Amino acid sequence: MTNTHVDYRLSQLDQLEAESIHIFREVAAEFEKPVLMFSGGKDSIVMLRLAEKAFFPAKLPFPLLQVDTGLDFQEVLDTRDSWVERLGARMIVATIDEAIAAGHVVDDGKTSRNRMQIGTLLGAIEENSFTAAFGGGRRDEEKARAKERVYSHRDDFGQWDPKMQRPELWSLYNGRIHAGEHMRIFPLSNWTELDIWHYIHREQIEIPSIYFAHEREVIERDGMLLSLGPEIQPKGNETVEKKMVRFRTVGDRTQTGCVESEATDTAAIIDEIAVARVTERGATRGDDRFSEAAMEDRKKEGYF
Amino acid sequence: MASTPQTSDAHTMAQGEMDLLRFATAGSVDDGKSTLIGRLLLDSKSIFEDQLEAVESTSQSKGYDYTDLALLTDGLRSEREQGITIDVAYRYFATPARKFIIADTPGHIQYTRNMVTGASTADLGLVLVDARQGLTEQSRRHAVLLSLLRVPHLVLAINKMDLVDWSKDVYEKIHKEFTQFATKLNIPDLEVIPISALQGDNVVNRSENTPWYSGPTLMHHLEHVHVASDRDLVDTRFPVQYVIRPKSDQYHDFRGYAGQVAGGVLKKGDEVVVLPSGMTSTISRVELFDTEIAEAFPPMSVTVHLEDDVDVSRGDMIARVKNSPKPSQDIDAMVCWMTNEPLKPRQKLAIKHTTRTGRAMVKDIQYRLDVNTLHRDQEAGELGLNEIGRVQLRTTVPLLCDPYSKNRTTGSFILIDEATGVTVGAGMINSGS
Ligand SMILES: Nc1nc2c(ncn2[C@@H]2O[C@H](COP(=O)(O)OP(=O)(O)OP(=O)(O)O)[C@@H](O)[C@H]2O)c(=O)[nH]1
Ligand SMILES: [Mg+2]
């Protein structure tokens with residue numbers, strides 16, 4: 001038996017864990033058809049770990065949903081498969097190509113695949129009539145996210161209305177929705193990037209290897225380091241360099257940059273993030289850089 | 001690939017295990033709440049370069065003389081356009097002493113419900129007043145709400161001291177006025193600090209402009225205010241959230257009651273009662289994930305096992321045989337009303353209390369509270385948007401409740417409009433319910 005906390009105080013990490021587990025159980029109890037949106041990134045893996053804890057020793061009472069862009073890093077897909085197998089979870093993969101075929105999204109040749117994820121995701125939610133979708137968003141990521149409730153209501157079109165959010169009091173979550181609507185649920189709302197890493201470290205959580213420093217051929221473009229690959233080739237006077245790098249977020253490989261780093265284990269990553277001067281999205285996400293309100297606009301449309 | 005932990009910088013690693021303070025800002029529009037949060041983040045070096053660059057360039061393009069730190073938290077497009085806060089922004093920072101979760105709330109009366117959202121979970125309320133204006137109706141309303149919500153610690157930050165020549169008289173006058181008002185409220189711990197959010201005086205760094213002030217800086221106070229004792233460790237309350245029944249070969253007979261401890265300490269061997277049925281049993285095991293633990297206390301999320309096969313389901317509550325809440329269908333509470341359509345007698349609503357959901361009918365609206373004078377208007381008859389009053393409800397299911405003054409979890413509820421599904425009221429149960 002573990003003797004916990006003689007002074008009846010919970011560390012902030014334990015408090016965050018308790019809050020997230022509470023949210024998972026509340027949703028599983030009150031929603032007819034929840035689903036967990038799983039990207040294979042560190043946040044969705046931590047989410048999965050918390051869900052595992054919330055229902056142990058039972059299996060997860062909901063499936064996982066992944067939007068496959070066709071541009072995911074292989075290392076991420078491998079880790080995903082290993083998690084799914086270990087938990088015996090049910091996995092639904094929605095691909096952009098299928099969504100285009102089904103008419104949920106239109107490929108006009110101008111829209112990035114990352115943006116087409118929105119339509120693909122909404123199509124999958126509608127098709128499966130999911131009523132609640134867990135997302136790994138954290139409020140510290142971006143200033144529009146900082147405004148979002150734990151239970152975030154989406155209308156018939158999957159849209160978020162930031163000016164009309166429901167009050168959210170204490171930990172009394174209101175899960176009422178009308179037919180056709182759904183709720184986005186953010187169990188990691190109050191976690192910071194550093195909390196996530198402390199937790200991965202403490203729990204020795206399996207995450208994709210590309211989060212750790214490794215040697216990779218990269219090209220510098222618009223101030224970001226992009227990984228050389230079939231879609232990313234040098235243009236003009238760009239040069240290919242070999243560098244020790246790691247990824248701070250993992251998304252679509254044409255949009256996600258890496259950072260130079262020597263951090264090969266979680267402890268070193270924690271030290272690195274503690275002194276980082278740029279946010280993880282600012283450093284590495286091409287998709288958030290277009291305007292001050294880029295994230296808010298995508299959220300309103302129904303982005304994760 | 002899982003990595004193996006290695007030794008790291010001791011200070012950084014310790015941050016995973018430090019304690020947590022949640023605080024919420026309050027006060028009238030433009031008193032400087034968002035600016036103050038921006039200042040706290042900036043001076044505690046919690047702002048990233050790209051975030052600062054973004055607000056600097058926005059400030060410049062708007063033609064401001066200085067960087068508008070409020071832009072660090074006013075994250076919505078309409079907020080930046082109007083220069084006001086509309087909804088709560090949650091911000092995070094840590095010092096070696098603590099991790100902080102800040103709810104920066106709007107001052108505008110129209111968005112009071114969002115202020116209540118931010119304050120409902122706070123350990124500390126930070127009320128700002130503009131030194132030039134002193135207390136306004138809105139600062140009083142927010143102080144009343146913080147007191148009703150039983151936010152145990154309060155800081156009154158007298159802001160914009162730079163605009164009143166750092167006058168000690170101004171500080172003392174507002175200090176006195178507030179203390180007088182506060183005698184009628186429930187504010188166990190009050191600190192009054194003269195600051196300039198814009199220039200940073202007494203926020204993180206002690207000001208040279210206020211030699212007459214010997215109290216703590218805001219940051220020092222936030223780092224040291226004692227919050228551990230605010231939790232109830234005596235009265236055991238465990239609302240059952242979810243019954244875990246794996247129905248697998250390996251865990252064939254497993255039956256665990258999952259929930260978050262709302263009060264007291266639960267341990268193996270405790271004689272307990274399950275409410276509302278009143279059946280008794282003994283705790284046979286308390287576990288956190290796959291590990292048996294000696295004790296569970298608030299706010300842990302755990303799984304509890306009982307020795308006997310009693311009927312327990314979501315919405316039930318596990319308490320001690322000699323110390324349990326009385327199931328009641330007649331609820332007397334202070335209600336904060338949050339929608340345009342007023343609350344009236346005989347109105348029917350959905351109610352959610354801990355993990356229990358039912359319906360409620362308004363039997364009586366005893367009085368409406370005037371937030372300026374604290375006068376109880378017994379003739380009001382209804383509660384309008386953002387108004388607070390004492391309400392009697394009759395519920396379809398018995399609620400297992402405590403007075404809010406004893407337990408913020410088992411003493412609170414929300415009211416939901418059954419047609420729209422929107423949360424329209426926040427309730428705090430009075431003693432004697
Ligand atoms: N001179 C001076 N101006 C200040 C100070 N603090 C804030 N201000 C200014 O006051 C104005 C309002 O500040 P905000 O921080 O947006 O006010 P707020 O309380 O967050 O307002 P709402 O969220 O809309 O209720 C801005 O122009 C600030 O620059 C101060 O200490 N001194
Ligand atoms: Mg503000």
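**Salt bridges and other features**

Reply: Let us begin with a pair of charged side chains: A:Arg138 and A:Asp140 are joined by a salt bridge, with 2.9 Å from N to O. Please keep in mind that this model is predicted.

Me: Is A:Arg138 buried or exposed?

Reply: The general idea is that a residue is called buried when its relative accessible area is under 20%. A:Arg138 is therefore buried, as its relative accessibility is 2%.

Me: Which residue forms a salt bridge with A:Arg154?

Reply: The partner of A:Arg154 is A:Glu148, and their closest N and O atoms lie 2.6 Å apart. Both A:Arg154 and A:Glu148 are buried.

Me: Which residue of chain B forms a salt bridge with A:Arg149?

Reply: A:Arg149 pairs with B:Asp87, and the closest N and O atoms are 3.1 Å apart. This pair crosses between chains: A:Arg149 is in the loop between strand S4 (132-134) and strand S5 (151-154) of chain A, while B:Asp87 is in the loop between helix H4 (77-82) and strand S2 (89-94) of chain B. Both A:Arg149 and B:Asp87 are buried.

Me: How many salt bridges are there over all chains?

Reply: The count over all chains is 49 salt bridges. Some charged residues are linked in a network of salt bridges, which includes A:Asp14, A:Glu17, A:Arg49 and A:Glu52. Among the other members are A:Lys53, A:Arg86, A:Arg202 and A:Glu203.

Me: Which residues form a negative surface patch?

Reply: The patch consists of A:Glu98, A:Glu126, A:Glu127 and A:Asp156. A:Glu127 belongs to helix H5 (residues 113-127) of chain A. At 59% relative accessibility, A:Glu127 is classed as exposed.

Me: How should I read the backbone angles?

Reply: As a general rule, most residues other than glycine have a negative phi, and most peptide bonds are trans. We may now look at the cases in this model.

Me: Where is a cis peptide bond found in chain A?

Reply: A cis peptide bond joins A:Phe56 and A:Pro57, with omega about 0°. A:Pro57 is placed in the loop between helix H2 (42-55) and strand S2 (64-68) of chain A. In chain B, a cis peptide bond with omega about 10° joins B:Leu275 and B:Pro276. B:Pro276 sits in the loop between strand S11 (271-275) and strand S12 (279-288) of chain B.

Me: What is the phi of B:Arg346?

Reply: B:Arg346 is not a glycine, and its phi is positive, near 80°. This residue is in the loop between strand S17 (327-337) and strand S18 (348-353) of chain B. With a relative accessible area of 60%, B:Arg346 is exposed. B:Asn386, also not a glycine, has a positive phi of about 70°. B:Asn386 is in the loop between strand S20 (376-377) and strand S21 (388-400) of chain B, and its relative accessible area of 6% means that it is buried.

Me: How many helices and strands are in chain B?

Reply: Chain B contains 8 helices and 23 strands. For 433 residues, a compact globule would have a radius of gyration near 22 Å, and the 24 Å of chain B agrees with this. Buried residues account for 61% of the 433 residues in chain B. One of the strands, S9 (residues 256-260), holds B:Gly259, which is buried at a relative accessible area of 0%.

Notes:
Residues numbered from 1 in each chain as written. Chains lettered and ligands numbered in written order. Heavy atoms only, no water. Patch = residues over 30% accessible without salt bridge, like charges linked within 9 Å, V, L, I, M, F, W, Y side chains within 5 Å. Areas by Shrake-Rupley, 256 points an atom, 1.4 Å probe, with all protein chains shown as cover. Salt bridge = Lys/Arg side-chain N within 4 Å of Asp/Glu carboxyl O. Lys, Arg positive; Asp, Glu negative; His and termini not counted. Charge placed at Lys NZ, Arg CZ, Asp CG, Glu CD. Helix = DSSP H or I, 4+ residues; strand = E, 2+ residues; numbered from the N terminus. Buried < 20%, exposed > 50% of the residue type's maximum accessible area, 1.4 Å probe, protein only. Rg over C-alpha atoms; globule rule 2.2 N^0.38 Å.
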